[in-house]
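Dear colleague,

Please read the notes with the structure open beside them.

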Amino acid sequence: MLEATANGITQFNRKAGEWVSLLMLPMLFVAVYEVFMRYAFNAPTSWGFELTIFIYGVHFILGYSFTDAHDGHVRVDIFSSRLEPRAKAILEIVTLLVIFFPFMTMMTIFAGKFAFLSASMKELASSSWAPPIWPVKILMVLGFLLLWLQGLGHLLHNLHVALNPAAHRTEKR
């Protein structure tokens, strides 16, 4: 049950990450359009650079959980790489409970308050283009929630390994 839930969370975040990766297409289009207008017609847009930043920011933050699902975040495993699977799982559980979940919970709560305030006042960016910025802030909360969910998947997987040492898998999730 623990492993099946962990795998379901990981699969969800992998699929979400595949969809989020498609944000690179409109970002590429905006960047090429901006460069073309700037250098071919000497008529840069007032919105191209800022829209590129918004799209990339959303892509980046929604990609956190995808990266974590693939164990792609940087980690220092000088000590944990020498541990047996069960001991390594216990260390991961402690790390998740003591560091990851408190930090990600606070980040999600504060980002949620930040996004709620922004959405309630229909906040606009302080530029000449002045696009609404509150949708980006709401997506920031979603990114933190997805990463928190992926952390839950890791916790469930490590609980499974810690409670069932014989169930250790050699392949990656």
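The axes of helix α3 (residues 48–62) and helix α6 (residues 134–163) come within 8 Å and cross at roughly 15°, which makes α3 roughly parallel to α6. Axes here are lines fitted to C-alpha atoms, for helices over the stretch in contact, with angles running from 0 to 180 degrees between N-to-C directions; angles under 35 degrees count as roughly parallel, over 145 as roughly antiparallel, 65 to 115 as roughly perpendicular and the rest as oblique. Helices (H or I, at least four residues) are DSSP runs numbered from the N terminus.

This is a predicted model, in which local features need pLDDT of at least 70 and side-chain atom pairs count only at pLDDT 80 or more, while totals for chains, interfaces and linings use all residues. Residues are numbered from 1 along each chain as its sequence is written, and side-chain values use heavy atoms, with hydrogens and water left out.

The crossing of α3 and α6 is left-handed, meaning that the near helix is turned anticlockwise from the far one by less than a right angle. On the α3 side the contact (heavy atoms within 4.5 Å) is made by F54, V58, I61 and L62, and on the α6 side its residues include V136, M140, G143 and L146. By class, this contact has 10 nonpolar, one polar and no charged residues, where Ala, Val, Leu, Ile, Met, Phe, Trp, Tyr, Cys and Pro count as nonpolar, Asp, Glu, Lys and Arg as charged, and the others, Gly among them, as polar.

Helix α1 (residues 2–20) also packs on α6, at an angle of about 150° and with the axes 8 Å apart, so α1 is roughly antiparallel to α6. This crossing is left-handed, and among the residues that meet are I9 and F12 in α1 and L149 and L156 in α6. The contact of α1 with α6 has 10 nonpolar, seven polar and one charged residues.

For α5 (85–120) and α6, the packing angle is about 165° and the axes are 8 Å apart, which makes α5 roughly antiparallel to α6. Their crossing is left-handed, and their contact has 27 nonpolar, seven polar and three charged residues.

Finally, α5 gives the most to the lining of the second largest pocket, with seven residues, and that lining has eight nonpolar, five polar and four charged residues.

Best wishes

Conventions
Helices (H or I, at least four residues) and strands (E, at least two) are DSSP runs, numbered from the N terminus.
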